[in-house]
Amino acid sequence: MTDWIEACGAGDIDEEDVIRFDHGGRTFAIYRSPDDEYFATDGLCTHEKVHLADGLVMDEIIECPKHNGRFNYKTGAAKGAPVCLNLRTYPVKLEAGKVYLQIG
Amino acid sequence: MDAGMVIIGAGECGGRAALALREHGYDGPISLIGEEAHLPYERPPLSKEAIVGADVPVAKTILTAERVADAGIEFIGSSRAVAIDRAAKNVRLADGRALAYDKLLLATGAVPRRLSLAVAGPRVAYLRTFDDALAIRARLTPGSRVVIVGGGFIGLELAASARKRGAAVTVLEAQPRILMRGVPADIAATVHALHADNGVEIACGEGIAAIRDDGDVRIRLANERVIEADLVVIGIGAAPVTALAESAGLAIDNGIAVDGRLRTSDAHIFAAGDCCSFPLAIYGGRRVRLEAWRNAQEQGALAARNMLGAELEHTAVPWFWSDQYEFSLQIAGLAEGASSAVRRDLGGGAFILFHLAADGQLLSASGIGPGNAVARDIRLAEMLIARQARPDPSELTSSDVKLKKLLAA
Ligand SMILES: Cc1cc2nc3c(=O)[nH]c(=O)nc-3n(C[C@H](O)[C@H](O)[C@H](O)COP(=O)(O)OP(=O)(O)OC[C@H]3O[C@@H](n4cnc5c(N)ncnc54)[C@H](O)[C@@H]3O)c2cc1C
Ligand code: FES
């Protein structure tokens, strides 16, 4: 349960950006905030199953590329129509220039 | 005493407005009147997943029965509002009931334009409602012959979906090309090629002389060609539903005319979504009417707040998307009045056209590509359009220059 999975290099994500990470048949989105912190959520929008990694990161918001549904990627909170279900978030740690996810 | 809020039209816009009234703290009575039996649901899937999906679709509701109950919204379905008495401030329903209002929102949407020479029947269909989609789906069997009249978005999305179900599809368009309204020629050409690759016959510049349904449908074209089909779907645009507003004496101008705050010519009555025309400040106050899902959402929410006394202007940039096969198209802004266009290629066949006014103001961005390839740049362009920015055209064309950087400038 507490295994940390190596996901990518810290430099693989631009500041205020997101990448997709697939693992064990699941898909995740990993974010780097404008303050250079890393976060992770489920990879697919809760409205229709669309990859959030194609969306736009602004401050602490990820905006879905399909219909502009918004989530706070730090908390997973859905921020209004058309999304109403929150995203699940996952613990992230940075070690020796690598980003690790705890996906349980 | 507060007579309450009444919303006529339980579609995207009316449904969002009802929720927004509660979200912004209103605790009086809310009535949501809908002619359809269904709770508010999303229409975009009706030409997409609802047709293609393996299982018989269920309406994708915006508001579940539970949420309606929790929010204390009175949903009055299968019920038509037939008159507004502005002096008495009430709405009369077809069953004779009268509902008093403090503020009224008209969110009556739009309905498909009818083709007068086609007699509607089980094989001559229009697509607007969930029930329409079910009826069309039932006739789209592998090998069935479908003719779609009108090469607009709904017709083309349906063409793509019908192909996925294995039907033989012909699209008839009266204009010289498909997507004449609001879509740049290069993008329409890409869409056209996509359909041709997928085996759809698109015939442009075709006038229709007659459509007859006597078991099989026979479509006679102006050039005497006769096409036989198992199903004809007519998608020649939509007209705003204004009759109720009109008979109440409200101003009409290509839709129910509202001001920048979505108020009609009666200060107690608002209108929003597909049924209204409104001034768009970013384009010098030009009056437009949109038929777009996000607009219906945004205007529903904004109208709700203004019904509660906020004085908010609608400033959002028009935005639209369409899905056909594995491609998505997105358009932000309106290209009317542009004097030049530049192109940004994103690789993988994805590209964006930016339309600029003579003074350099970015007016619109229209993109198409596989999946969501154009989404980010269109979203960033939308923000530039909102700011009435005048980006350097050479930076727009160079995909090395991130649009996010232009936004920071
Ligand atoms: C098949 C299809 C596909 C679409 N795809 C896309 C897309 O991909 N992208 C996009 O941006 N947009 C799309 N749209 C457009 C989008 O769905 C509309 O812009 C949106 O539904 C408008 O919402 P509305 O609430 O203003 O009107 P509507 O959704 O039309 O709702 C109006 C409701 O009011 C009811 N009504 C009218 N008069 C009365 C009355 N007197 N009493 C009671 N009820 C009344 C009607 O029955 C209707 O249910 C699509 C539309 C269709 C039909
Ligand atoms: S799929 Fe994400 S908002 Fe619709």
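**Ground rules.** I am working with a predicted model, in which local features need pLDDT of at least 70 and side-chain atom pairs count only at pLDDT 80 or more, while totals for chains, interfaces and linings use all residues. Residues are numbered from 1 along each chain as its sequence is written, chains are lettered from A and ligands numbered from 1 in the order in which they are written, and side-chain values use heavy atoms, with hydrogens and water left out.

**Ligand 1, surroundings.** I looked up which residues surround ligand 1, counting a residue as near if one of its heavy atoms lies within 4 Å, and found 36 residues, the closest being Glu36(B), Arg43(B), Lys48(B), Arg128(B) and Asp274(B). Sorting the shell by class, I noted 18 nonpolar, eight polar and ten charged residues; here Ala, Val, Leu, Ile, Met, Phe, Trp, Tyr, Cys and Pro count as nonpolar, Asp, Glu, Lys and Arg as charged, and the others, Gly among them, as polar. In chain B, α1 (12-23), α5 (153-164), α8 (293-307) and β22 (319-324) each supply at least two residues of this shell, where helices (H or I, at least four residues) and strands (E, at least two) are DSSP runs numbered from the N terminus.

Ligand 1 lies between domain 1 (5-50 + 59-111 + 240-307) and domain 2 (114-234) of chain B, because both give residues to its shell; the domain bounds come from an automatic or database domain assignment. Taken alone, ligand 1 exposes 1,000 Å², of which the protein buries 96%, with areas from the Shrake-Rupley method and a 1.4 Å probe.

**Sheet in chain A.** I found an open antiparallel sheet of three strands in the order β5-β6-β7, taking two strands as paired if DSSP finds at least two bridges between them. β5 (56-58) and β7 (70-72) of chain A are at the edges with a single partner strand each, so one side of each has no neighbour in the sheet. Strand β6 (residues 61-63) pairs with β7(A) over three bridges, and Ile61(A) stands opposite Asn72(A).

**Sheet in chain B.** The order β18-β20-β21 describes an open sheet of three strands with mixed pairing. Three bridges join β20 (residues 276-280) to β21(B) in antiparallel fashion, and Phe278(B) has Val288(B) as its bridge partner.

**Backbone details.** I noted a cis peptide bond from Ala81(A) to Pro82(A), with omega near 0°; Pro82(A) is in the loop between β7 and β8 (89-90) of chain A. Tyr325(B), a residue other than glycine, has a positive phi near 55°, and Tyr325(B) lies in the loop between β22 and β23 (327-333) of chain B.
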